[in-house]
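Here is my notebook from a friendly look around a model. The entries follow the order in which I looked things up.

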Amino acid sequence: MTTEEEQAAAAVPARLRELPSRLLAQASAHAQRFVIEGLNGADARKWHYAALVALDEFGPASQATLSGRTGIHRSDLVAVINELAERELVERTPDPADRRRNVITLTPLGRRRLRKLEQLLAAAQEELLSPLSAPEREQLTRLLGRIVDHHAHSGPGMGADAG
């Protein structure tokens, strides 16, 4: 941070500096920047990771199921699947039970790509959480999870994403 940035930060009123919602928003902005920069270096997006990890964890899925598991809107998911299929990271085949639906399957190349993206995301998480000790990181993750879980059950969902 430059001296000018430090002076500007010090000029922020204490009540703003201590407002949890503001701190979460600022931390989120940093997190998104680290994730986007890391994934951009591999010509990937967070939705690529979300789709690949869902397929890896749960196995082949219809586009509708994959949309629900990732929080990616169905219309956006089509573009994501197209991009992944063009790169041969996933295969799209007709569902034998319903020919109107497609089943999306992770390919071996997709699994290798996922491992690379996981390394990039681990580096982004490390950068984001670098000021914290390991126990503090675990505590922060638990607390954020509690906040997200609480509000996910009490109102309209925000949708899942990576990073």
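I call it a contact when heavy atoms lie within 4.5 Å. This is a predicted model, so I asked for pLDDT of at least 70 for local features and 80 or more for side-chain atom pairs, while totals for chains, interfaces and linings use all residues. Numbering runs from 1 along each chain as its sequence is written, and side-chain values use heavy atoms, with hydrogens and water left out.

**Entry: His48.** I found His48 in helix H4; helices are DSSP runs of H or I with at least four residues, numbered from the N terminus. His48 counts as buried because its relative accessibility is 3% (buried is under 20%, exposed over 50%, partly exposed in between, with a 1.4 Å probe and protein chains only). Beyond its neighbours within four places in sequence, His48 contacts Asp43, Val80, Glu83, Leu84 and Arg87.

**Entry: helix H3.** I then looked up H3, residues 20-40, whose 21 residues reach 30 Å from first C-alpha to last, close to the expected 30 Å (1.5 Å times one less than the number of residues). Its buried residues are Ala31, Phe34, Val35 and Leu39. They line one face of H3 because they fall within an arc of 120° seen down the axis, taking directions from the helix axis to the C-beta atoms. These buried residues pack against helix H4 (46-58) and helix H7 (108-129).

**Entry: Leu144.** Last, I checked Leu144, which sits in helix H8. Leu144 counts as partly exposed because its relative accessibility is 32%.

Technical notes. Helices (H or I, at least four residues) and strands (E, at least two) are DSSP runs, numbered from the N terminus.
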